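Here is a walk through one protein chain, with the numbers kept close to the geometry. Have the viewer open as you read.

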Amino acid sequence: MSSFACGVSREPFDAIVVGNGFAGVMGALSLTRQAALRGVSLRVALVGPEGNQFFTPGLYEAIESDDPALACISFSARLPRSITFIEGKGRVHALPSASSGCWEVKVESHVFSPRTLRSPHVLLATGALRGRTESLSPLASWHDWQRLREGLRAAGRVSVVGGGVSGVELAASLACALPSARITLRERRDSLLTGAPSALKHVCRLALERMGIECVLGQSGDVPEADVALDATGPWNDISRLENLLGPAFAPLLAKGAFDPETFCLRVTPTLQVPLEEGLWALGDLAQFPDAAPSAQAAVQLAHQWAASVLRVRAGAQPFPARVLDLGIVVRLGPRQAAGVVRIPGRGAHVLTGVAAQAAKAAVRVKYLAELALAGRGFF
Ligand SMILES: Cc1cc2nc3c(=O)[nH]c(=O)nc-3n(C[C@H](O)[C@H](O)[C@H](O)COP(=O)(O)OP(=O)(O)OC[C@H]3O[C@@H](n4cnc5c(N)ncnc54)[C@H](O)[C@@H]3O)c2cc1C
């Protein structure tokens, strides 16, 4: 269906992407690139609160260097012309009507008065919509990080809560950057890096302890006193922020049991659709895709497949079920160490340490940046 089937809309688009993180930027870029390869020209709206992408894995640079701008990619001025970047916060405003078949998204911004966008396809890619936690500082946005910087420099005791990849990497970076601070890593399960092979867990635990990081395992509940406590507990959504994002779609989705009861992540179908009306899709940390851990790795892979599915639906075909190829994990343990597991299809998993692991981590980062550069053509 063409966007212009939407009637007398002020701002019709072929697709609207809400969220400017890995999932949203890669989704918008991949959609316009794949369409161009088929000779189709699309108008895509990309909605985000600012024209910078907070490159979360780039947090290390922000922690370890004095130039926090290294963790941020400025993209809005360099997008291809087929993508209109709209600065503001988007939310679902109206479900598709029988006559138009279009979703409406309202964008509110401090720069302009509210705008209403219309499209048959809306991708929700807002990342995790965390609410306030009593004692934990969130790390969900560039502003969160900026607010924290000075506090961290003055901190004597820092707690990192959550012992997954993000928590382990954060704790290691902090231990290197703040040698006089006491760093504690807290995980409610009995081991760090749930789901990773035990050899990798062991190597990481030893490395953290050698850095002087105290690992407290198997304890949940209140975070004990610390000058700063950082939230690395993984994606979860605050129910009232979800309600605001989903607008009239919230109640029917709740009635359908579309939210994970523990994290309130939106359960999407194998074809990445939100189980409601057609044309509403979700990706990245906001959503829960079967058998995929929330990561930039998964978000980028799924964004390409989402783009292919939208083009199929526009052509009257069924979307393909998406899948995530687990290539492994490489855990960065400060600027000079890393450990990881690389999975080679048909040849099993291999544990990497030392220079090989550091090279693998650097390669992952270059891969992300190159993908953005290639998809955006002159992105940097
Ligand atoms: C410390 C740390 C280290 C990590 N390291 C790795 C790693 O090495 N490898 C890896 O694969 N993954 C890593 N991750 C995980 C990875 O960063 C996330 O899985 C990934 O960023 C999710 O992408 P996303 O686009 O869904 O969400 P985000 O990157 O969070 O982006 C969402 C964007 O949407 C915007 N937004 C929110 N609400 C709205 C709205 N209403 N309208 C418009 N825009 C909105 C937000 O401001 C944000 O910019 C790490 C995470 C952390 C915290």
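## Confidence and overall make-up

What pLDDT does the protein chain average, and what share of the residues score at least 70? The average is 86, and 87% of the residues score at least 70, pLDDT being the predictor's confidence in each residue, from 0 to 100. Where pLDDT is low, the predicted coordinates should not be read in detail.

Some housekeeping: residues are numbered from 1 along each chain as its sequence is written. This is a predicted model, so local features need pLDDT of at least 70 and side-chain atom pairs count only at pLDDT 80 or more, while totals for chains, interfaces and linings use all residues.

The protein chain has 9 helices and 19 strands; these are DSSP runs numbered from the N terminus, with helices being H or I of at least four residues and strands being E of at least two. Of its 380 residues, 44% count as buried. Buried here takes 20 or more other C-beta atoms within 10 Å of a residue's own, exposed takes 12 or fewer, partly exposed is in between, and C-beta atoms are placed from the backbone. Among contacts between residues at least 6 apart in sequence, 64% join residues at least 24 apart.

Helix 8 covers residues 296-314. At 1.5 Å a residue its 19 residues should span 27 Å, and the end C-alpha atoms are 27 Å apart, so the two agree; the expected span is 1.5 Å times one less than the number of residues. Its buried residues are Q297, A298, A299, V300, Q301, L302, A303, Q305, W306, A307, S309 and V310. Just past the helix, G316 takes a positive phi of about 85°.

Which helix packs on helix 8? That is helix 1 (residues 22-37), at an angle of about 35° and with the axes 8 Å apart. Axes are lines fitted to C-alpha atoms, for helices over the stretch in contact, and angles run from 0 to 180 degrees between N-to-C directions. The contact is made from the helix 1 side by F22, A23, M26, G27, S30, L31, Q34 and A35. Helix 8 brings in a set of residues including A299, V300, A303, W306, A307 and V310.

## Helix 4, an enclosed helix

Helix 4 (residues 165-177) reaches 18 Å from its first C-alpha to its last, close to the 18 Å expected for 13 residues. Since 11 of those 13 residues are buried, the helix is largely enclosed by the rest of the structure. Among the buried ones are V165, E169, L170 and L174.

Strand 18 (residues 338-344) and strand 19 (residues 348-353) are joined by 6 bridges, with V342 partnered by H350 and G340 by L352. They form a hairpin with 3 residues between them, and G346 in the turn has a positive phi of about 80°.

Strand 7 (residues 103-108) and strand 8 share 5 bridges, and W103 stands opposite S119 in strand 8.

F264, not a glycine, has a positive phi of about 60°. F264 sits in the loop between helix 7 (250-255) and strand 14 (266-267). Is F264 buried or exposed? F264 is buried, with 21 other C-beta atoms within 10 Å.

D291 also has a positive phi, near 65°, without being a glycine. D291 is in the loop between strand 16 (287-288) and helix 8, and counts as exposed, with 9 other C-beta atoms within 10 Å.

Conventions:
Two strands pair if DSSP finds at least two bridges between them. Two residues are in contact if their C-beta atoms, placed from the backbone, lie within 7 Å.
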